[in-house]
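Thanks, everyone, for making time this morning.

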Amino acid sequence: MSEEIKLVFEEPKQRIKPPKHFSDLAPEDRKTLAVELGIPAFRANQMAVHFFTHYNDDPETWSDIPKDLRDTLAKEFVPKLITLVRSVTADAGKTRKDLWKLHDGVLVESVLMSYSDRTTVCISSQAGCGMNCPFCATGQAGLTRNLTAGEITAQVVAAARICANGELPGGEARLSNVVFMGMGEPMANYNAVMRAIRNITTPQPDGLGISARSVTLSTVGLVNGIEKLTQEGIPVTLAVSLHTPDDELRDTLVPINSRFKVKEVLDAADKYEAKTGRRYSIEYALIRDINDQAWRADLLGRLLKNRNAHVNLIPLNPTPGSKWTASRPKDEAEFVRVLEGYGVPVTVRDTRGREIDGACGQLAAAEVISEV
Ligand code: SAH
C-alpha cells in the first residue's frame, strides 16, 4: 500500500474528552450534580469558595471537607485540567508566559502582565486557531481543538493565584483584567467561552468576581457570535481585529472576511455598543507597506469617526519566516495623526513580552514544544 493510501485509511485519531470539571457548569448545576451524586448541595458552595475565592484547586488540602469526600470531589468535580510545563519571564519579571499541558498532552499558553495600575492575563480559548490569518503565529498551525470552559477558567484561576501569592514583582496583587487574546478565536468556541466569562465575572464565591468591563473578548469578527454576545447582557469589552478598513486587503489578512465583510462586522459591533453602552476596540496590527498607508488611515478614520470605537494599533510582531515586519516609526506616527484628525481615539499598544514570544500573535505552543 502506498504511503498516501495508508494515510487516507488511517483511523482518525480518537480524541479523549477532557474530564468534566465543576467550572464547566453553572452554579445551580454544580449543586444539582452534587445532589445527584448523593453529596449535600452546600458542599458545592464549599468547593466554590476554595476554587474561586482561594484559587485552590487541590481538594487534598480542603480540610473543612471529610477525607473520603475530598477524593470523590477530586474525581467528579475538580480533576486537574492544566499542568504547568514551564514559565518564562521578561520585562524584569513583570511579564510572565506560562505553558500549560492539558490532559491529552495538548499545549496552550497564557501571559500575565503586571502594570502599575492593573494586572492582566491574556488567555487562550482554543489550542491553535482555525482562522488562518497569515501574520499570526497561532494561525499557521491550524486548529487542534476547542478548550473546555474548565480549561479556559483554569488559566484565569492560575493567574489569580500567582498574583495572590505575590509571585509577581511588587508582591501580593489582585488579578484585575482578563483578555481573550491568546491562542484561538473565542467566538468559534462560543459556549465554552461564555461559561468561562460567567465564571470570571460572577461575584465570589460562585465566580472570580472580576468586573465584566475588565474582560476583553477579541474576535476576527464572527458576526453571528457578536450578535449572540449582544443578547447575553454581559458588558464585556469587545475588540474587533480589523487590521484594514477595505474588504479587498482584509480578505487576505483575515480570511474569514470572505464571509463577514468590514461593514457587517462594524454594524454588529455598533449594535453591541448600543445595547451595552460599551465603546469597542478596533485592533489593527500595523504591517509595513501592507496596511499602514496614510490613505488607509484616512479610510479607517472616515469609517470610525461617527462610531463609539477606539483604535488599538499593534506594531506587527513578525512571525518566524514571515516577509512582513512592523511599520516604520514615521508611518506609524502618520497613521496616528490621520486618525486623530478624525477625532478617533487611538493608542499604540506596548509590546510586552516580545523576547519571550509572549506578545500578540506569538502564542504558538507548537514552537515551544521543540524547546521543552
Ligand atoms: N482570534 C482573536 C484573538 C487572538 S489574537 C482575534 O483575532 O482577535 C489577539 C490580537 O493579536 C488580534 O488582534 C490579532 O490579530 C493580533 N495579532 C495576531 N498576530 C499578530 C502579530 N504577529 N503581530 C501583532 N498582532 C498580532
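Let me start with β8, which is covered on both faces: Val215, Leu217 and Thr219 are buried on one side, and Thr216 and Ser218 are buried on the other. Five of the five residues of this strand, 215-219, are buried, so β8 is largely enclosed by the rest of the structure. Please keep in mind throughout that this is a predicted model. Strand β8 runs parallel to β7, to which three bridges join it, and within that pairing Val178 stands opposite Val215.

Stepping back, β8 belongs to an open sheet of ten strands with mixed pairing, in the order β1-β2-β3-β4-β7-β8-β9-β10-β11-β12. At the edges stand β1, residues 82-90, and β12, residues 346-348, each with a single partner strand, so one side of each is left without a neighbour in the sheet. On average, and ignoring direction, neighbouring strands here are turned by 20 degrees against each other. As an example of antiparallel pairing, β3 and β4 are joined by four bridges, with Met113 having Thr120 in β4 as its bridge partner. Helix α6, residues 149-164, lies across β1, β2, β3, β4 and β7, and runs at about 35 degrees to β3.

Now to the charged residues, where the count comes to 22 salt bridges. Glu151 and Arg145 meet in one of them, at 2.9 Å from N to O, and both Glu151 and Arg145 are buried. Another joins Arg349 to Glu283, with the closest N and O atoms 2.3 Å apart; this pair links distant parts of the chain, since Arg349 is in the loop between β12 and α13 while Glu283 is in strand β10, 66 residues apart. Arg349 and Glu283 are likewise buried. Lys263, Asp267, Asp270 and Arg307, for their part, are linked in a network of salt bridges.

Which side chain of opposite charge is nearest to Asp24, which is buried yet has no salt bridge? That side chain is Lys20, and it is 4.3 Å away, whereas a salt bridge requires the nitrogen to be within 4 Å of a carboxyl oxygen. Asp24 sits in the loop between α1 and α2, and a polar atom of its side chain lies 2.9 Å from the backbone nitrogen of His21. Leaving aside neighbours within four places in sequence, Asp24 is in contact with Pro19, Thr148, Ala149, Gly150 and Arg195.

Key. Residues numbered from 1 in each chain as written. Predicted model: local features only at pLDDT ≥ 70, side-chain atom pairs only at ≥ 80, totals over all residues. Heavy atoms only, no water. Pairing = 2+ DSSP bridges. Helix = DSSP H or I, 4+ residues; strand = E, 2+ residues; numbered from the N terminus. Axes fitted to C-alpha atoms, helices over the stretch in contact; angles between N-to-C directions. Contact = heavy atoms within 4.5 Å. Buried < 20%, exposed > 50% of the residue type's maximum accessible area, 1.4 Å probe, protein only. Lys, Arg positive; Asp, Glu negative; His and termini not counted. Polar contact = N/O pair within 3.5 Å; in protein donor to acceptor, adjacent residues only side chain to side chain.
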